[in-house]
Every structure is written in C-alpha cells, then in structure tokens.
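Please open the model in your viewer and keep the selection panel at hand. The stops below say what to select next and what is there.

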Amino acid sequence: MTFYNRRQFLTRSTLGFAGATMGLSMLAHAPARAANTGGYKALVGIMLKGGMDNNDTILPRDSASYDALKALRGGIFDSHNADDPTSSRYRENILPLNVQDGVRFNGRQFGVPRELAAVQEMFNTGDLAVVGNVGPLLDTVDRDAIEAQSALLPKRIFSHNDQQSTWMALGTEGTRRGWGGQFADAVIQSGGAPNPLYAAITATSPDVFLAGQRAQPFRIPKVGSRLRIDGAERKWHLGYSDDADAARAKLAAFMRRESFDHTNLFRRDAVKKSGVGIENQIAYSERANAAMPLATEFPSTGLGRQLGGVAQAMSLRGELGTSRQVFYTAQGGYDTHDSQGGAISARHTELGDALAAFKAAMIELGTWDDVLVFTMSDFGRSMVGNGDGSDHGWGGHHFVAGGSVRGGHIYGDIPEVDLAHPQYTKERGRLIPTTSVEQHAAALGSWFGLDSGELNAIFPNLSRFDRSALGFV
Amino acid sequence: MRFLSVKPIAATLMAGLMLSACGGGGGSSNSSASLGGPTGGGTPAPAPAATKFYTDLETREEAARFLIQAGFGGTDAEIDSLVGTDAANWIAAQLRAPATKTFDAMLAAYPTRQDTDREHSKMLWTNLLTADDVLRQRMMFALSQVFVISDNDFFDEGFTTAQYTDILTDHAFGNYREMIEDITYSPAMGQYLTYYRNRKGDERSGRMPDENYARELLQLFSIGLVELNQDGTPKAGSPETYDNDDIIGLAKVFTGLSGSGPSFRWSDQDEDWRRKPLQMFDDEHSPLEKTFLGTTIPADTTGVNSIDMALDTIADHPNVAPFLSRQMIQRFTSSSPSPEYVRRVADAFDAGSFTAPNGRVFGSGQKGDFAAMIAAILLDESVHDDVQEANEGKLREPIVKFAHYARAFDLADIDVSAEWRFNDTSNPNDKLGQHPLRSPSVFNFYRPGYLSPATESGEAGLTAPEFQIVNEGSVLGFSNFMTHYITVRADDPAGNPGFNPDFAAEIALANDPQALIDHLDVKLTAGQLSDATKAEMADTVSTLLIAADDAETDRLDRVQLALIMMMSSGAFAVQI
C-alpha cells in the first residue's frame with residue numbers, strides 16, 4: 001500500500017493530464033471547441049441532495065479493492081444482492097471506466113454501476129471526468145492533523161443543511177450568496193447578460209447556489225405549461241360582458257403590481273415577490289410556448305423534467321438576451337441510511353437517464369461544447385456500513401461533463417480502500433477531502449470566463465490550494 | 001387592549017387602572033408588576049369601571065387578529081363572539097376542548113386492513129379545516145414542522161402516521177420530555193430516521209450503528225448545533241453543542257428497537273406492529289459504554305434504560321427551551337422574533353408556567369411545558385400591542401391560509417376524500433406548495449434561519465422561513481388554486497359539490513364595494529389593508545356592473561373578484 005503525500009498527487013495528476021492531451025479522444029474534441037461560434041457558455045449544476053455515497057458510485061473493479069470494500073460494508077453489498085451474477089454490484093458487471101492516467105492508481109481499477117451507463121459512455125468517450133474526493137476545506141488536512149486538533153476545519157461537517165450550503169455558498173446555512181449567483185454577478189457586471197433576469201435559472205427550489213448580489217434565481221415553469229392568471233383570463237369566472245373585461249384588466253394589473261404602500265418589510269417583500277413573479281412567469285411561459293419544441297425527449301422523472309426545462313431555456317438564449325447562464329437543478333433521495341441497494345440504484349437510474357437525454361438535447365441545440373454539467377452533494381458517506389446503509393461523510397466523488405471537458409480522467413484522488421489511509425477519519429472511513437470545493441468551483445468559474453481577481457474575491461481560501469491540480473477543462 | 005403601548009397617556013391610564021384592579025376582583029395582583037411604569041404627562045384619565053388588560057379583545061379587528069394568530073381565522077360569528085373577551089380565556093377553553101385525534105377514527109375506517117391508501121393524510125387535512133379544537137390542531141401542525149416525518153415514506157401506512165400525529169396531538173399542551181420519548185418509540189420516526197431495526201455494532205464485520213436519529217435528534221429535535229443564550233441568540237463565539245464523537249456515542253443508544261413481537265426478527269413482528277410503540281430487544285442493543293454531551297451511560301445498561309438516560313440528558317440541556325421556543329413562535333406569530341420575546345417564551349417553557357395579565361395561570365409547573373409555551377407565545381404583549389414595526393409579523397403558511405379561507409366562509413360539504421386536489425397539495429405551480437406532514441426532508445418545508453435573498457427583510461437580517469417556498473411559480477399557483485375554490489365552488493354548488501363557500505354576508509354588501517372591502521378586510525386581514533389598497537380593490541370591484549336582470553350573479557362576481565385580490569394581498573400573506 002502506497003500513500004502519496006499531497007505534493008506527489010499533484011505532480012502525478014499534472015503529468016497524467018499532459019499525457020492525456022495527446023490521446024485520441026482529446027484530439028477529436030479540439031476542432032469542436034474551435035468551432036464554438038456564439039460565445040455562449042452555460043454551467044449546469046445538479047445538486048444531489050442527501051449526500052451521495054461515493055463508495056457506491058465510483059466502484060472498485062479490481063478484485064483486491066472490491067473485496068476490501070465488500071468486507072467493510074457487507075450489508076450494503078447484500079442489499080444489492082451483489083453475489084447474484086445479475087446484480088449491478090457483481091464485480092464483473094461493474095461498467096469499467098477506462099482511466100486515461102490510470103497508471104497512477106497502481107493497478108486499481110474503477111467503474112460505475114450499470115444504472116450509470118450514460119456516465120460510463122461519456123467518460124470513455126472523453127466527455128466526462130471524475131473529480132475524486134472533493135469537499136469543503138479551509139486548508140489541506142489529514143487525519144493526523146484532525147486528531148492533533150491542529151487543523152483549520154469547515155464548520156458542521158456532517159450536517160446536511162449546513163454542508164449543502166457550504167458546497168453551494170461556502171458557509172453554513174444562512175449564508176446569503178452562492179458561487180453560482182456570484183458567477184452570474186460577474187457576467188452581469190461585465191455586460192454578458194443584457195437581461196439579468198435570465199442569468200441565473202433554477203428548475204427547482206431557489207436554493208442559495210444562485211443567490212448573488214444582482215443575480216437571483218429565476219424559476220422556470222414546467223415545459224409545456226401554459227401559465228395565466230385564471231381570474232383575469234378565464235372569462236367564465238367573472239362573465240363575458242365589457243365591464244367584466246375592464247375588471248379583468250384591473251385585476252391583472254393589481255396582481256402584477258410590484259409594490260404597494262406597505263411599511264412592513266415582510267409585506268413589501270411578499271407583494272414584490274408576488275407581482276414580479278407573476279409578471280415574469282407569464283412572460284417566460286409565453287416565450288417558451290411560442291418556441292419550437294426540442295425533438296429530444298426527456299424522461300418524465302423529477303431530474304429529467306428539470307434538465308428538460310434547462311434545455312428549453314437554453315434554446316431561448318438568443319431571445320432572452322444572455323450569453324452566459326448558470327443553471328441549477330436538484331435530485332433528492334441520496335440519504336441512504338438504510339435499504340441502500342434499492343434506493344441508490346433508483347436515484348442513479350434517474351441521474352444517468354437524465355444526463356443522457358441532456359447530452360442529446362445539447363447536441364441537438366449545438367451547445368454541447370458550450371455547457372459544463374457538474375454534480376454537487378451534501379457530502380460523501382461512510383465507507384463502513386451500518387447494516388444495509390451508510391452514514392454521513394465528508395469528501396465525495398463528482399462528475400463534470402460537457403463537450404469541452406478533458407474527459408476520461410480522474411482528477412484529484414480516490415484513496416485506497418483501506419481504513420488506515422490518512423485521508424479517512426479515524427472511525428468509519430469517512431473521506432477527508434483532498435480537493436476543496438473552492439478549487440473545484442474555481443476551475444468551473446475560470447472556464448465560465450471569470451478572471452483570477454474575480455475568483456479570488458469569491459473564493460477566499462483559494463490561495464491555500466494548488467489550482468493546477470484540476471485541469472478538467 | 002391597546003392601552004399598554006408605551007405612551008405617557010397609557011401609563012397614566014394604567015396607574016389609574018391598577019387602583020381598580022387591586023380592589024376590583026376578577027383580576028389578579030400579579031399583573032401589577034408588569035403594569036408598573038413611569039407616570040406623568042397628560043391628564044389623568046378616570047378609571048374605567050372594569051379592569052382592562054392588553055389581552056382584552058375589544059374590537060372585531062382585535063378578535064380577528066387573535067384568531068389569525070392562534071387558530072385559522074374565523075367566521076363573522078366567531079369573530080363577534082370573541083369581542084369583549086380576554087384572549088387568555090379563549091386559550092384556557094381551547095386547552096380543555098376534547099382533542100380531535102385520528103388513530104381511533106382510522107381503526108373505525110379500517111378495522112382489519114393494514115393498507116390504508118392515503119386516507120390518514122386526508123383525515124389530517126379535514127381536521128385542519130374543520131375540527132373545533134383549533135389551537136390543538138394548529139399546535140399539532142406546528143409540532144409536525146419541528147419533529148418532522150414525511151408520509152412520502154409511508155405511502156399507505158395510515159396507522160403509522162396516525163399513531164405519530166396522535167402523539168403530537170396528545171402532547172400538544174403536555175411535556176417535551178414525555179413527547180420526545182413517545183416519538184422515539186414511534187414506528188413512524190423509527191422508520192423515517194432509520195433506527196427501526198438498527199443493530200448494535202459488530203466488531204467482526206466492522207458494522208456500526210446507524211447514526212441518523214442520533215444526529216437529527218440533536219440537530220433538529222432538541223438542542224441544535226450551537227450553544228444558545230436563553231433568548232435564542234448564539235453564545236459568544238458560537239460554540240458547537242456536540243461533535244461527531246457525541247453522535248457515535250449517542251447512536252449506540254438507539255439500537256435494538258424493532259416492531260413489537262416475540263423477537264427482533266422481521267418475520268416475528270406482530271402483524272399490527274405499526275399501530276404500537278417500537279419494542280426494545282436487548283440482544284440487539286449495544287452493550288458498550290455510550291458517551292455523549294458529557295454523559296456516560298455505563299456498559300451493559302439495558303436499551304430502555306439507555307434511552308431514558310439519553311433523553312433525560314438531552315431534555316435537561318439549556319438549549320432546548322430557546323431552540324424550540326423560537327421555532328414555535330415562528331409557527332404562530334413572528335417570522336423573526338426579537339430575542340426578548342424568545343426569552344420570555346423560553347422562560348415560561350422552562351418554568352412550566354405562564355401567568356396571563358388577567359391572572360390565569362397556564363402550565364403544569366414542570367420543565368418543558370407546551371401549554372405554558374403556547375400561552376406565552378399568544379399572550380405576549382408584543383403581539384397584542386398597537387405598534388406596527390417594519391420588522392414585525394409572520395409570513396403565513398399556504399396550508400394555514402387555505403384553512404383560514406375555508407373556515408372564514410364556513411365551507412360546506414368538506415369531503416377531502418372526494419377532493420382529488422387534496423390527494424397532494426404539494427405542487428407549488430398549481431396547488432399550495434405544501435401538504436401536511438409531507439415535507440421533502442426532515443428539514444421541513446423551510447428552515448427557521450432562512451433569509452430570503454434579494455429582499456428587504458433578508459437584507460435586514462430578518463428570518464422568514466416561509467419565503468423559502470415562495471417563488472415565481474408558487475405565487476401564481478396559489479392564486480389560481482384559490483380562484484378555483486372562490487369561483488367554481490360558489491357558482492354552482494350543485495354541479496360542483498364540495499368545499500362550497502357561504503358568501504351570503506358578502507353578497508349582501510356587494511352593492512357597496514367600499515363596504516364589501518371593509519368587511520373582508522376585517523375578516524381576512526384583521527383590518528390591516530392599507531387605504532390605498534382598499535381604494536384600488538373597491539375601484540376594481542365597482543367596475544363590475546350590477547345588471548337588473550341578473551343582479552344576484554353580478555353581486556357574486558363582485559365578491560369573487562374582491563376575494564381573488566384579497567388572497568394576493570400583502571396583508572393576507574403576512575399577519576401582523
């Protein structure tokens with residue numbers, strides 16, 4: 001068992017990347033990037049709520065690692081019926097990831113469950129990369145530093161809501177601005193979004209990720225829904241006469257009003273949210289319904305519908321007057337404390353199918369090279385099981401996908417399946433991150449067009465980490 | 001009731017009143033302490049005949065306001081019946097009212113079947129819309145948003161949720177320590193937070209106990225993450241209340257619980273185990289020493305004793321009172337309560353006692369008393385005073401807003417089972433964006449510390465949990481949902497039976513738009529619409545003409561138009 005120190009990792013990742021740029025898959029991508037004409041770029045975040053189990057997503061495929069993991073979480077393997085030759089966790093059924101710089105893993109092999117076949121396909125064709133063991137950090141740290149209490153640590157490491165917030169906004173719950181919103185702010189500031197309303201778009205709840213100074217999450221309606229103020233537009237409610245038409249016009253104006261003479265702050269906010277919301281929702285819905293629908297069909301799952309909405313919004317990018325957009329979607333159900341086999345497989349299926357449809361839609365729109373899809377999650381999970389489930393962890397493994405991604409690589413690190421490895425906590429094998437969220441997000445921001453000054457302003461601890469370690473784009 | 005606002009004239013009046021209070025009977029002498037204040041200025045007012053307290057509901061506006069704070073609003077008759085009474089007396093009557101529960105009703109509906117479809121959820125909705133014990137129902141709903149389970153995890157296990165909601169209903173005016181024990185042994189929480197059939201650790205295989213309940217019990221159901229002052233503010237430096245070693249220690253406590261039956265084994269559970277408390281099986285309970293929050297439970301302590309000791313330790317933590325008090329205040333009266341208000345409520349909760357201005361005493365005297373807590377919340381001077389600060393008030397939950405509408409207009413024929421829209425009211429785009437006991441996670445529909453981005457309240461640092469479920473889609477969805485009930489269900493009750501409103505009083509006023517709006521203003525917003533808003537509403541309503549040949553329909557249209565606007569008003573969305 002070899003433990004690299006951090007410096008060695010960085011060197012090796014960099015070398016690995018240099019080698020990979022000469023690979024065929026990378027050459028195949030070069031013309032596509034050059035052909036990018038519109039200057040449009042979009043970041044698409046997928047928040048995997050609950051804490052996706054890194055150990056049950058990027059699976060070990062070599063027998064030694066596979067057996068070691070199985071020994072630490074037999075109940076979880078049982079919940080997948082892993083000994084059944086038809087199981088997705090039966091070792092031979094794990095879909096291999098052909099890691100470009102795999103030599104640095106000393107014979108260890110990796111794969112994904114077949115529910116994530118789309119991920120495997122994108123990885124092996126160079127459109128998707130894995131960023132291993134990424135999580136919130138204030139400085140580099142390992143178990144010894146934690147045990148010696150000499151480490152500077154993020155707050156509330158294992159708490160769902162706080163770690164969701166820390167991933168998206170670099171602080172515990174209550175933090176007001178997310179880095180997605182701040183990226184959009186930078187775009188608005190530099191004139192890249194003539195209509196700031198559509199610079200930050202959510203297809204789900206308006207979480208902190210998209211909250212910026214000027215940028216605010218705009219929630220897009222479900223694809224195909226035709227929005228209206230029923231009382232003001234469905235005539236049978238108030239009648240068919242001229243006076244009813246006049247009343248409806250006044251009602252519509254009342255409903256779309258942004259402000260009244262309230263002094264109470266909550267009332268002022270409530271009325272503004274209502275007025276602005278109704279106005280913008282209807283305006284967007286009218287545009288969306290007038291546009292040509294995408295030929296790509298999305299799965300009718302929560303995430304499928306959300307990514308379908310994102311694709312539709314992208315198809316309106318010209319009309320909406322914006323050349324840079326940050327999108328936010330979310331998928332729940334990853335808090336697999338028990339019955340993990342069924343639960344995580346259903347989630348992975350939804351995730352894989354939605355990603356496949358999204359890639360197809362991007363190719364249809366000609367924007368696959370202009371988007372960068374990335375996952376986030378509360379945290380990874382404990383390697384040691386609790387029966388048929390796993391508990392809250394810290395670091396986890398994530399995906400970055402898009403036509404301009406230098407795919408087929410594992411960036412960062414995936415430590416060995418060995419509780420003695422210094423990047424696991426002293427109990428239960430929770431990963432201590434080797435790549436910080438700030439490093440990871442800064443790489444996304446740099447691709448999006450932010451300069452180092454802007455990035456340093458958003459990510460206060462960035463200087464403590466080596467950004468050259470992440471070359472996924 | 002407003003004479004206690006801090007004005008010289010009021011203080012003088014108080015001084016006069018105290019004389020009559022001391023000899024007047026009915027009141028109690030302990031109110032004198034709170035009534036003390038500077039005198040001087042103004043002309044001494046003659047003492048009124050009867051003792052007055054700020055909790056007196058003197059006007060229809062005050063009565064309507066109190067019903068909005070404490071219950072789900074009310075009909076004109078209910079508002080009238082409170083005028084001239086003391087709010088403390090209403091609370092006292094509500095504490096005595098028979099509890100509307102669900103488990104026995106479920107048994108009656110499903111004497112033998114275990115699969116209950118979604119019927120229990122509909123029963124809960126029905127109770128929110130119709131039950132007479134409104135304060136207990138409101139309390140149950142509030143507690144369900146702190147001690148969260150979601151029936152998404154129990155599709156058709158109506159007895160599981162019935163057993164759980166009855167725990168909340170039973171203890172709604174009871175004791176925290178007793179309630180958290182019943183919750184801990186409930187099949188609902190056991191399954192929701194996955195400690196049901198949680199086994200002790202196993203050194204050979206490395207298996208460790210599930211940490212889920214240990215973590216959320218501390219983070220969400222008792223003490224929270226940081227040490228608090230009694231007023232709910234974090235202590236200096238925000239010291240954390242526990243670390244991961246505490247979780248690992250406490251997780252061992254919640255091992256060995258399974259469904260009732262002869263053994264821990266799944267196959268040995270009684271067929272109706274979901275209807276009974278979980279049972280402890282010591283052979284699957286961790287025999288190890290369990291250390292957390294500075295307490296150590298010795299090795300080989302039984303499971304039941306371990307849980308007892310753990311819950312005693314947790315319930316004794318000084319954070320419990322401020323942590324729960326602030327959240328419960330948010331559910332009733334204030335989205336961003338002042339630290340002083342939190343402290344007053346937390347003190348009552350800890351003392352187990354609250355004395356109303358009129359001398360009524362609430363609570364058992366035991367620490368952790370919910371009756372004392374709710375009386376302290378609803379009878380606090382800050383929610384009865386006249387002052388309307390820019391940062392007061394509470395953004396109302398969509399469920400509470402709908403219940404207010406339903407009760408204010410005494411909807412006839414409420415059969416939730418026949419009302420498909422109420423199978424699931426969670427969709428914000430065409431329904432309410434909220435369904436009772438169906439939040440997306442254990443973190444409830446919204447978080448107590450939520451600051452809404454890019455709002456004036458958020459920039460001022462005012463928490464507003466309910467704004468977390470207000471967005472572009474939900475405001476239109478809510479309006480359209482309400483429009484359906486206001487129009488379709490009133491136009492043709494025979495053709496569209498169910499949830500049919502009684503607009504008789506409003507139709508009678510419809511010839512005079514100003515009078516109609518004034519009337520609805522009291523009933524729905526406690527008279528708090530601004531003059532400009534009322535003027536615009538009256539102008540819009542008057543646009544609809546009343547034709548001689550179809551006057552009744554035209555009057556109904558006016559009422560409906562007024563209500564659609566009312567439902568989108570800031571004063572209906574935010575109670576003060």
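Begin by selecting Phe499(B), which lies in the loop between helix H20 (472-491) and helix H21 (504-509) of chain B, where helices (H or I, at least four residues) and strands (E, at least two) are DSSP runs, numbered from the N terminus. This is a predicted model, in which local features need pLDDT of at least 70 and side-chain atom pairs count only at pLDDT 80 or more, while totals for chains, interfaces and linings use all residues. Residues are numbered from 1 along each chain as its sequence is written, chains are lettered from A and ligands numbered from 1 in the order in which they are written, and side-chain values use heavy atoms, with hydrogens and water left out.

Phe499(B) has a positive phi of about 55° although it is not a glycine. Most residues other than glycine have a negative phi. At 0% relative accessibility, Phe499(B) counts as buried, a word that here means under 20% relative accessible area, with exposed over 50% and partly exposed in between (1.4 Å probe, protein chains only).

Now select Ser238(B), another residue other than glycine with a positive phi, in this case near 45°. Ser238(B) sits in the loop between H12 and helix H13 (244-251) of chain B, and its relative accessible area of 27% makes it partly exposed.

Staying in chain B, select Arg204(B) and Asp202(B), which form a salt bridge with the closest N and O atoms 3.8 Å apart; the term stands for a side-chain nitrogen of Lys or Arg within 4 Å of a carboxyl oxygen of Asp or Glu. Arg204(B) is exposed, with a relative accessible area of 76%, whereas Asp202(B) is partly exposed at 21%. Then select Lys276(B) and Asp272(B), whose side chains meet in a salt bridge of 3.2 Å, N to O. Lys276(B) is partly exposed at 29%, and Asp272(B) is partly exposed at 27%.

Next, show both chains together. How many residues of chain A are in contact with chain B? There are 66 of them, and they are in contact with 81 residues of chain B, contact meaning heavy atoms within 4.5 Å. The two chains bury about 6200 Å² between them, 56% of it on carbon and sulfur atoms, where buried area is the accessible area (1.4 Å probe) that two parts lose on being put together, summed over both.

Between chain A and chain B the count is seven salt bridges, and over all chains it comes to 57. Select Glu211(B) and Arg430(A), whose side chains meet in a salt bridge of 2.7 Å, N to O. Glu211(B) lies in the loop between helix H11 (187-192) and helix H12 (212-219) of chain B, and Arg430(A) in the loop between strand S11 (410-412) and strand S12 (435-436) of chain A, so the pair joins two chains. Are these residues buried or exposed? Glu211(B) is buried at 2% relative accessible area, and Arg430(A) is buried at 1%. Another salt bridge to select is that of Lys426(A) with Asp245(B), where the closest N and O atoms are 3.3 Å apart.

Not counting residues up to four places away in sequence, Asn386(A) touches residues including His337(A), Arg428(A), Arg207(B) and Pro209(B).

For the last stop, select the open sheet of three strands in chain A, which has the order S2-S4-S3 with antiparallel pairing; two strands pair if DSSP finds at least two bridges between them. Its edge strands, each pairing on one side only, are strand S2 (59-60) and strand S3 (95-96) of chain A.
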